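These are my notebook entries on a structure I looked up. I begin with one chain, then turn to its contacts and to the second chain.

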Amino acid sequence: MSETKEKRQETYYESIIRQGYSRRDFMKFATFMAAYMGLETSAVGQIAKALETTPRLPVIWEHFQECTCCSESFIRSDHPIVADILLDKISLDYTLTLMAASGKQAEAAKHATIEKGGYILCVEGSVPLGDDGNYCVIAGRTSLEILKESAAGAAAIIAWGSCASNGCVQAAAPNPTQATPIHKIIKDKPIIRVPGCPPIGEVMAGVIMHYVAFGKLPELDRLGRPKAFYGKRVHDSCYRRPYYDAGLFAETFDDAHAKEGYCLYKVGCRGPMTYNSCGTIKWNNGVSYPIQSGHGCIGCSEENFWDNGPFYERLPNMTGFGIESNADDIGKIAATVVGAGIAAHAIGANIMKRKELNKRINRGIENEENIKA
Amino acid sequence: MSERIVVDPITRIEGHLRIEAEVKDGVIVDAYSSSTMVRGIEEIVKGRDPRDVWAFVQRTCGVCTTVHALTSVRAVEDALDIVIPPNAELVRNIMEGALYMHDHVVHFYHLHALDWVDVVNCLKADPAETSRVAQSISKWPKSSPGYFSDVQKRIKKFVDSGQLGIFANGYWGHPQMKLPAEINLLAVAHYLEALEWQKEIVKVHTIFGGKNPHPNYLVGGMACAINIESQGGLNAERLAYVGQLLKQGRDFVNQVYIPDLLAIAGFYRDWGAIGKGFGNYMTYGDFPTNGYNDPSSFKIPGGIILNNDLSNIIPVDHRSTDEIQELVNNSWYDNYAEGKDAGRHPWDGETNINYSGPKPPYDHLNVDEKYSFIKTPRWKGKPMEVGPLARVLIGYASGIPEFKNVVDYALAKLEVPVDALFSTLGRTAARGLETIVIADWTVEFFDTLMNNIKNGDYRMANTEKFDPSTWPAEAKGVGYMEAPRGALAHWIVIKDGKTANYQQVVPSTWNASPRDPQGQRSAYESTLIGTPVADIEQPLEIIRTIHSFDPCIACAVHLYDEHGKHISTVNNISACDV
């Protein structure tokens, strides 16, 4: 900190201290971020160091075919504190949702950042390829052309939400505008896909913090999603899972079992095939998540979830379990033999407990019949 | 000689909006409003399970999240004659009330304020004087000189860093920025506070709907079961949480938003004569207290005012094919079989995309031809302005005491006559005034819900007709509501358990649409005429009036494209589509 006083970007640490937080607060924040990213406690020092020395990161945030729910979710982030993200954590140089400037002044701000380079490109929305891209035009240029220009100089690219990651609702059949996720257009750079409709606000903040803290992309799964937030199925972190394992299900909404908080699988819950943090981080600073509030997961972070309906019918097949090979294969066979969906789940959940298996299957079938009666 | 100025992108809105305006001698003489993005949601929901449609159409907009979901479940329930339990109606009303608080506060501070507040100028303020002003207009506790001084220091370091982020290239120092530095500082402090506050009020949605944005709805009621003796449903803790959030929300509205709104408006009284519309206002009405089928029970009344005549409120009939119609004469869709200038009622609506605008990159639209993806809705051939101003005027003219009280209070406070409401200033003020009223109602709805539960009514969903096998072979429904941005309706046709047709006519379709065959302008285009522009390089005055409508453009555009992927081959002959 003793070097020249000439203009340089302020570090996280400096900005936090400047805002009146103590060193202790700062370390708490670093510890939180480490826990949040699913890291060992030994990583706390590394995060703290990175935050102390990393300058504010320029960010360009493009909006294409979208509904702005991702921007809205981002400003819901509780940690880091939402106002602080904008003033102190990143330099959000272009976003149609919040920036003061319009028209030429807005475009000029973006181009100034593109010229300097070293920015993160965030993309909210899909890009329509139909009709030469005429279905999304901003400042007289197609979103396709804009994306290519902004991506060329980006240090990293984040695809916010299911639109940019998977195409989302506008890409559902028959996809009238040929809405296309960005990884199918930009192929020469790593793209972090952060699916969800929208993604959880704290997850969005966490992805940015990961890059800033470590200066590298978070570890991604084979679909380009950060493992820290998309490593588990909603089903595996669901607090209603014990009811599922026990074969206790709501038969319809607001019935006696729904009121008891039983598993929502039979009213269509997509938790078993959906990878997201809803069951762990939950929504809006941990207040609830869809299942906790009585509605099944609709699978909004999964590719093609819109075409995997109807939402209120139980999962049409068991392909969602294909990821866990052994449990799955056995589950499928059992499902065929017994002919009861829940039997497959009982097996899948209890592959290690062969002895109890039959008992559970029978109990499950019994329950299912009781509910029907 | 006039000059054409283009503002694209219009920022601090939802969606993609372009304004082209003719300016002559420093005044706008004509204007064109265009949306340049489409997705095709109405086509996508065709053939799907009507119970699922709320989720698809909810994604029309993530800013006014919930409104399309609610309108959709109402449309399906209307078609299938499903009556929801009173608790579900109350929960929906509470969620909608929470949305109003969130949406209007965020609009005021984060989408609109930077048109009136000079962020950089707040560095010149005396924090002690800001504190004195703050304490004179509100009892909000965060108002000490030290508090404002800290905010000012923070902004100073931010500005000194040279990285202005979202404030880069703003209209700082523009001659139309009229606030004293002390008021600018007050507004900037509350911009930051509101940014933090807004993530709290939405937790009402999270508790009832599981998440925000895009909480879950359900045909037949709501999915959040009540069980006061279990952690499986809404119990005392969950409900107390909602009650607290609503009261905190109302405090923020009454102690921060409204005092700031009136304080800022006092320096911009001249905008009470700018941005006048054509004088037609429409509401559908909302907040049922005895079911959606009993409009007389709605807290916000429906109706139409023509030519600023507050003495005569005309009813609206969504089902009459002669009243609400959509036209495509200036929109990038195939004309209807009946001809270019014909309109269609939404139950018979049809919208085949056919982009015929200039090939990008372009500098100007050809406004002599079709020039927007937004269709043009009309009520009996007349353009209508919808939104907070329409609601406040119709509530006021209908003699609803809550609306009369807030309007009279604001007019007295600002010392302006009633016709100052028909303006950019009036639109922005009306948004705040209705928030006062709706915040109170929302707390009332909550109290009623608690009372119902206390009396042993735990019902939250009517699932008698949830199974499609119970449905008639064919049914038609209309769902409508007052979204924060104005009158919103969806029309559905159900055949054999599937969605056969679906049309959305949304607030920004009414306000932002291109002109009709008679050359009548819709609200955006009409209200810009006569607006002075101090510096044609800086579109500040244009965005002030446009932002006073709180545009939601992804909502306004909706199409389907029968030709799917082959549309690009059709485009070449589109010039011949007349």
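**Chain A overall.** I first looked up burial: of the 373 residues of chain A, 58% count as buried, a residue being buried if 20 or more other C-beta atoms lie within 10 Å of its own, exposed if 12 or fewer and partly exposed in between, with C-beta atoms placed from the backbone. The model is predicted, and I note that local features need pLDDT of at least 70 and side-chain atom pairs count only at pLDDT 80 or more, whereas totals for chains, interfaces and linings use all residues. Residues are numbered from 1 along each chain as its sequence is written, and chains are lettered from A and ligands numbered from 1 in the order in which they are written.

I find 16 helices and 9 strands in chain A; these are DSSP runs numbered from the N terminus, helices being H or I of at least four residues and strands E of at least two. Among contacts in chain A with a separation of 6 or more, 68% come from residues 24 or more positions apart. A contact requires the C-beta atoms of two residues, placed from the backbone, to lie within 7 Å.

**Domains of chain A.** The domain assignment, automatic or from a database, gives domain 1 (7-54), domain 2 (56-229) and domain 3 (234-372). I see 14 residues of domain 2 in contact with 11 residues of domain 3. On the domain 2 side, α8 (161-166) and α10 (201-214) of chain A are the elements that give two or more residues. That side has 8 nonpolar, 3 polar and 3 charged residues. For these classes, Ala, Val, Leu, Ile, Met, Phe, Trp, Tyr, Cys and Pro count as nonpolar, Asp, Glu, Lys and Arg as charged, and the others, Gly among them, as polar.

**Strand β9 of chain A.** In β9(A) (residues 191-194), A:I191 and A:R193 point one way and A:I192 and A:V194 the other, and all are buried. Strand β7 (residues 154-160) of chain A runs parallel to β9(A) and is joined to it by 4 bridges; pairing needs at least two DSSP bridges. I note A:R193 as the bridge partner of A:A159.

**Chain A against chain B.** I find 81 residues of chain A in contact with 90 residues of chain B. α6(A) gives the most to the chain A side, with 5 residues. By class, this side holds 40 nonpolar, 27 polar and 14 charged residues.

**A:Q292.** This residue is found in the loop between α13 and α14 (325-338) of chain A. A:Q292 is buried because 25 other C-beta atoms lie within 10 Å. Not counting residues up to four places away in sequence, A:Q292 touches A:Y239 and B:G210.

**Chain B helices.** The axes of α6(B) (residues 145-160) and α7(B) (residues 181-201) come within 10 Å and cross at roughly 85 degrees. α6(B) is therefore roughly perpendicular to α7(B), a label for angles of 65 to 115 degrees. Axes are lines fitted to C-alpha atoms, for helices over the stretch in contact, and angles run from 0 to 180 degrees between N-to-C directions. The contact is made by B:F148, B:V151, B:Q152 and B:I155 of α6(B) and B:L185, B:V188, B:A189 and B:L192 of α7(B). Of these residues, 7 are nonpolar, 1 is polar and none is charged.

Terms used
Angles under 35 degrees count as roughly parallel, over 145 as roughly antiparallel, 65 to 115 as roughly perpendicular and the rest as oblique.
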